[in-house]
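Hi there,

Here is the structure I promised to pass on to you. Have a look at it first, and then read on for my notes.

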Amino acid sequence: MRQSLSVAIAVILAVASLCTSAQQKKTVGLGAVKGEIRDTTNNYILKSATISIFQAKDSILLGYRITNNYGEFELTNLPINMQLKMEVSHVGYQSLHKSFLLTRDKPVIDFQSLIITPSDITLSDVTISVSPITVNGDTLEFNASAFKLDSNATAEDMLRAVPNITLWGDGTVTVNGAEIKSLKVNGKLFFGGNFEIALQNIPKNALQKIQVYKSQQSNDNPLDSTLEMNLKLKKGKDVGYFGKLSAGYGTNNRFETDLNLNIFSPKMQVAIVGASNNLNKTPRDIETIMSNSTFKGVGTRMDYQPDFRQSGVNRSNTTGTSFTYDFIEKPDSYKRNTLKAAYFLQNRNRDYQSELLNTTTLNVNNRVLERNATTSLTESTDQRFNSSYDLIKNQHNLRLSQYFNHDVGGNENRVYRTAENEERALTSINNTMASETFDNDRFGLSAEYRKSSTSGKRKELMGNFRANYQLDGYDRHSQRLNITEFMSFLDPLSNQKFNRKYNANTQGLNQQLDLELSNLAQTLFGGKPLGVDLSVFNKLSLNTNKEQQRVQDLDTLTTSYDLNNYLTNKLKVNVSEEVPGIGFSKSISNSLTNRYSKYTNINITLKQAFIGFKSSSAKAFQTLSRTYTRFVPDADLTYSNYQYGESDRYYSVSYNTKITIPTIEQLAPLTDSTNLYYLQRGNIYLKESIKRSIAFSFRHEDRKETNPFSYGFQISAGQIEDNIVDSILIDQQNRRIIYRVNANGNRYLNASLNLKKALKFKTSELQFNLKSDVSTAKNPSYTNGTFAFSRNVNTNSTLDIDYTYRNTFALSTTQFFNTYLSEQEAFNTRYSGKNMGTNLSSTYNLTKKLTLNTNITFNTSASLGSDAINFTIWNASVVYRFLKGNNAELKFSALDLLRQNTSVINFGTANSFTIGTQNVLRQYFMTTLSYYPRQFGKREKKIKKA
């Protein structure tokens with residue numbers, strides 16, 4: 001079946017290739033045009049003029065170029081044997097039009113000097129037309145009225161019509177290969193700044209223009225600049241609403257409902273969302289529902305679909321609202337006054353079942369096998385409220401924010417575990433029935449103030465100043481009943497039964513204050529000696545945790561619960577950390593206008609960490625006091641090389657030091673004897689661990705006109721001194737006692753690769769996106785007193801191929817492959833496994849109103865010594881849009897058509913591996929009706945005829 005899919009993908013790619021070849025059968029070969037633009041009055045050269053090339057017959061835009069400081073331009077990759085036309089435009093000048101034909105004999109045309117006329121010279125017979133692309137200062141503008149699209153087209157459709165803009169399958173947008181980091185509407189974030197919400201809802205007819213520009217985050221560091229896009233709406237279109245209302249019902253009592261209503265004005269944005277289903281569709285937040293309720297629809301996206309790979313069967317009920325108010329109607333980087341608030345409520349029910357087999361190596365010739373069967377029912381209700389206030393006034397920036405989360409619920413669990421020896425003979429049984437109720441609160445408050453210095457003013461008392469205060473707290477309450485039975489087939493005297501109640505209350509408060517003064521060289525010395533800047537900072541954190549636990553055991557004689565004096569306890573832990581430091585930075589730049597720009601930044605940070613640990617408890621062995629101090633320097637070097645119109649390359653290397661102190665649970669825990677398969681002991685002699693790491697990254701991005709290509713890789717390596725590791729004692733009955741010890745020799749190496757390539761043709765586009773990660777580690781540990789190193793290697797690779805043809809057809813195929821390998825030379829063991837999958841999703845618009853969707857996934861899971869598990873998930877749907885603006889939708893879905901869905905568990909650790917299955921969503925059919933309310937601008941009043 002996998003071979004059949006591979007052949008199908010190959011056929012699809014071949015068809016795509018044939019389609020693009022057919023589009024270009026009359027345009028074999030590539031040509032180019034060049035020249036320079038001058039002013040007709042003074043014969044001055046004109047920089048920043050826009051040169052646009054169109055197909056003559058249908059005015060499809062093929063490419064554009066902005067003249068450099070010398071008025072020069074050159075456009076390449078143009079088709080030959082096709083009639084073309086060129087438009088030259090510039091702010092304050094009349095447009096110039098030229099028709100031309102590139103041939104095999106003459107593939108390059110040099111127009112030499114082209115003269116354009118200022119617009120103040122008015123001629124009666126001049127026809128004024130709108131240029132599709134213009135340059136206004138440092139801003140590139142795409143004029144919406146110049147692009148002829150369907151009446152129901154969105155902003156996303158317009159972007160797809162621009163040759164130098166690429167909309168990637170993962171949701172990112174690039175212009176000339178550079179990624180857009182922020183998307184705004186009329187200069188403001190539109191409902192959180194999510195790209196899909198704006199691009200897939202705003203009608204193209206509501207747009208005046210799309211603007212692209214650089215936003216400089218720091219005047220001292222050009223590498224801090226980011227590319228932004230702004231959708232400028234037509235006058236009067238900044239008031240309106242949009243959203244989605246839908247309901248569906250299917251076989252096996254499956255159902256789903258979704259609600260999303262968004263209302264906006266020049267100063268205010270309000271969103272209301274709701275969702276209820278038993279289809280394993282669990283929205284993470286308000287934005288998830290909004291981004292998957294767009295007018296364009298989800299297409300081949302899979303992030304908010306019935307999740308057939310999610311463990312268990314989940315039913316969720318969700319509602320929420322968000323509010324944004326801008327006190328300044330047109331904010332910018334120097335003035336902003338914004339208030340935001342959001343409320344989110346989710347009730348979730350989960351029915352989970354699993355069967356697992358774990359194999360653990362004890363020594364060279366001995367292993368123990370554990371079989372685990374779990375059933376769990378969980379219900380919880382989570383409420384979240386958060387708000388923020390942003391105020392920017394010139395060099396002053398203030399941000400206040402808070403959050404409050406309330407989570408209440410309960411669960412019931414049954415776990416049946418058995419242990420077997422190497423000969424598969426039963427050695428022990430450990431069964432547990434547990435129930436729990438909980439009531440948890442989390443809250444936080446943060447305040448940040450930034451002040452940037454006025455460049456060049458030495459008289460200021462300080463340079464750039466930043467102060468940030470963060471407070472996080474929690475208050476958790478739980479009641480739990482645990483009934484456990486352990487039965488040994490090797491030593492009947494070790495049989496035990498427990499019926500234990502727990503009542504636990506935990507409160508915590510974590511505070512952190514960060515202070516930083518930067519750009520001090522200008523303040524102290526009136527400049528930067530040797531080009532080196534100076535900063536000082538201090539981080540202070542205070543963490544307090546209080547635990548109060550009351551534990552009772554059932555007295556079988558009196559049938560009453562008696563206090564367990566060992567586990568009943570009051571514990572308080574205080575951890576303080578202060579990290580003062582000083583930083584040195586140097587920037588080097590080298591540039592030539594319209595040729596290249598090169599920047600280098602060097603940062604060295606010297607820090608000293610002071611950590612205090614103090615615990616007090618009703619148990620004397622848990623009363624501890626410790627101090628730690630360590631020098632923890634950091635350093636990084638970044639280099640950027642931008643070649644105008646060709647490429648942008650980034651290099652970075654960094655070194656980091658991190659200290660981790662042992663926790664009270666590692667030093668002196670209270671050991672609960674109910675779980676005999678996992679008994680944790682303490683080690684008060686544990687030392688802090690020191691992690692030292694170095695990382696290198698490289699990124700290349702094309703800056704050419706068409707077919708962007710980008711790639712990059714990252715490598716990081718490190719070692720941990722005195723790493724806190726496990727020392728495990730395991731007997732033949734699978735009873736485990738875990739100690740924590742310090743050990744050296746921990747090393748790791750991680751590497752990742754990413755590659756993106758787009759091929760844009762006349763009416764279609766083909767994209768490739770490859771991501772691959774490899775991690776390897778050498779981990780020390782003890783098993784039954786034997787010291788051993790385990791070598792772990794994990795890989796994860798994903799290849800996405802996306803093909804679109806006009807607005808008619810979209811195909812997305814994904815191949816994922818991940819593996820694990822664990823070896824222990826001391827025990828001569830080797831565990832390995834792999835998980836593979838191939839997904840094929842397609843959308844075909846038979847007409848403007850009728851759409852076919854399908855996605856099929858082939859899955860394989862295998863591990864060493866066991867048979868591979870193969871299963872296929874196939875879903876399909878038919879969608880019909882109706883009403884004048886395609887605002888209504890009828891959808892019929894068939895999911896898990898082959899009824900093969902199986903969720904496989906397959907993973908490995910240092911000296912063990914686990915395989916198994918868990919319950920998942922299965923086949924059903926559903927009919928859904930949706931309505932998309934959508935209005936940009938006030939409704940026009942109808943004038944009644946007399």
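A definition to begin with: strands (E, at least two residues) and helices (H or I, at least four residues) are DSSP runs, numbered from the N terminus. Two strands count as paired if DSSP finds at least two bridges between them.

This is a predicted model, in which local features need pLDDT of at least 70 and side-chain atom pairs count only at pLDDT 80 or more, while totals for chains, interfaces and linings use all residues. Residues are numbered from 1 along each chain as its sequence is written, and side-chain values use heavy atoms, with hydrogens and water left out.

**Strands and hairpins**

Strand β21 (residues 366–393) runs antiparallel to strand β22 (residues 396–420), and 25 bridges join them. Within this pairing, Asp-390 has Arg-399 of β22 as its bridge partner. The two strands make a hairpin with two residues between them, and Asn-394 in the turn has a positive phi of about 55 degrees.

On to the next strand: β22 also pairs with β23 (residues 426–451), again in the antiparallel sense and over 25 bridges. Here Asn-397 is bridged to Arg-450 in β23. This hairpin has five residues between its strands, and Arg-424 in the turn has a positive phi of about 65 degrees.

Arg-450 turns up again among the charged residues: it is linked with Glu-448, Arg-466 and Glu-516 in a network of salt bridges (a salt bridge is a side-chain nitrogen of Lys or Arg within 4 Å of a carboxyl oxygen of Asp or Glu).

There is also an open sheet of four strands, in the order β3-β2-β5-β6, with antiparallel pairing. β3 (61–66) and β6 (96–101) stand at the edges with a single partner strand each, so one side of each has no neighbour in the sheet. On average, neighbouring strands of this sheet are turned by 20 degrees against each other, direction ignored (axes are lines fitted to C-alpha atoms, for helices over the stretch in contact, and angles run from 0 to 180 degrees between N-to-C directions). Strand β2 (residues 50–55) pairs with β3 over five antiparallel bridges, and Ile-51 has Arg-65 in β3 as its bridge partner.

**Cores**

Which residues have the most contacts inside the largest nonpolar core? They are Phe-142, Met-229 and Leu-231, in a core of 48 residues. By nonpolar core I mean a set of buried Ala, Val, Leu, Ile, Met, Phe, Trp, Tyr and Cys residues joined through side-chain atoms within 4.5 Å. Buried means under 20% relative accessible area, exposed over 50%, and partly exposed in between (1.4 Å probe, protein chains only).

A second, separate core has 21 residues, including Ala-49, Leu-62, Leu-78 and Met-86.

**Two asparagines in loops**

Most residues other than glycine have a negative phi. Asn-280 has a positive phi, near 60 degrees. Its place is in the loop between β18 (268–277) and α4 (286–291), and at 2% relative accessibility Asn-280 counts as buried. Asn-519 likewise has a positive phi, of about 55 degrees. Asn-519 lies in the loop between β25 (496–518) and α5 (520–525) and is buried at 11% relative accessibility.

**Salt bridges**

How many salt bridges does a search of the whole structure find? The total is 34. In one of them, the side chains of Lys-607 and Asp-634 meet at 2.7 Å, N to O. Lys-607 lies in strand β29 (residues 596–617) and Asp-634 in strand β31 (residues 634–643), so the pair ties together parts that are 27 residues apart in sequence. Lys-607 is buried, with a relative accessible area of 16%, and Asp-634 is buried at 15%.

Arg-922 forms a salt bridge with Asp-896, with the closest N and O atoms 3.9 Å apart. Arg-922 is in the loop between β47 (912–918) and β48 (924–931), and Asp-896 in the loop between β45 (888–895) and β46 (903–908), so this pair ties together parts 26 residues apart in sequence.

Best wishes
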